[in-house]
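Here are a few exercises to work through with the model open. Try each task before you read its solution.

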Amino acid sequence: MNFSPENLIKNEKPLFIYWFRRIFVNDWLIKLFAVIITLSLWYGVTGLRAPITTRLNRVTLSPRISNDLEITNSPPEEVDLVITGDKNRIAQINKENLVVSLDLTEVQAGDRTIQLTPESVNVELPTGVRLEEIQPNRIAISLERVEEREIAVRVETEGSLADGFEIYNQNVVPPKVRVRGPASYIRSLDFVSTESIGIEDRRQDFIAQQVPLNIINPKVTVLDAVVDVAFDVGERRIERLFSIPYQTETRLGVANAIVYGPRSIIEKLQTENLQVIEETPAEGKPTLRVVVPEELQNQVQVKSVKFRE
């Protein structure tokens, strides 16, 4: 084969024409159709993946705080998110499953204004979807130190005892319970109430066990959740005035005494059942005292006495 310069120059034009026809002329209709399909596929894919920007309204906001602090105001519980990303991926997002986590564990107690930015929160979004903006972009937070203290229990009842009966005493075990919450709330509490205990038609002693305690403020937690309450129930008590003549070694007169006890006992009690005695302490002046019969000392009491000579 002759590769002389003259032959190469002579063959250059036919070679160029050959390849031109092979690439652009031969089967041109099939090749044009393939190009159209390729362009259509490229447009479709790139068109679907073109980023879009949208807004997700009312997404749950969840602040995380230190264990020894409590939020005492009412910051927004929901925020709006502006996101950018692939249309298909955004369409798959269920905002009901989204939670915007705000880390406040390093924030100190006090009234604070917190900036909400894509960098300061954490929210799980699909790959390729980006958080652009949060609205509102700042919130007010009041953080207060948490305290524990013991507080008295107050018994709440409902209904009425049997006619002619009353509650003599209520013994709560334990009498005080521990509560936990923001300092200002805890310090303002004087007592914590039990749930209402039914006493309808009761006429004798009884014990209400495992009675739940009732705290209205949701920011205060009762650490001792239940108590037992023992009720002493007896006949309704009345007062009665007795005029008791007396004569001691040094005095003579009348004692006007108010005696208090169950109705049936007080109504049967006679003046002669009561006695005025004179007591002389080791040091000091003699004093007078009204006493009731020994068998009644645990049932009736002398509430007040005035001595007249």
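In the protein chain, 69% of the contacts (heavy atoms within 4.5 Å) between residues at least 6 apart in sequence join residues at least 24 apart. Bear in mind that this is a predicted model, where local features need pLDDT of at least 70, side-chain atom pairs count only at pLDDT 80 or more, and totals for chains, interfaces and linings use all residues. Residues are numbered from 1 along each chain as its sequence is written, and side-chain values use heavy atoms, with hydrogens and water left out.

**Exercise 1**

Find the salt-bridge partner of R58 and work out what the pair ties together.

*Solution.* Start with the cut-off: a salt bridge needs a side-chain nitrogen of Lys or Arg within 4 Å of a carboxyl oxygen of Asp or Glu. R58 pairs with E78, with the closest N and O atoms 2.9 Å apart. R58 sits in strand β1 (residues 52–64) and E78 in strand β3 (residues 78–85), so the bridge ties together parts 20 residues apart in sequence. Strands here are DSSP runs of E, at least two residues, and helices are runs of H or I, at least four, numbered from the N terminus.

**Exercise 2**

Locate the bridge between E267 and R263.

*Solution.* First, the closest N and O atoms of E267 and R263 are 3.3 Å apart. Next, both residues lie in helix α5 (residues 263–268), 4 residues apart, about one turn of the helix.

**Exercise 3**

Which residues join E148 in a network of salt bridges?

*Solution.* The network links E148 with R178, R180 and D224. Across the whole structure, a search finds 15 salt bridges.
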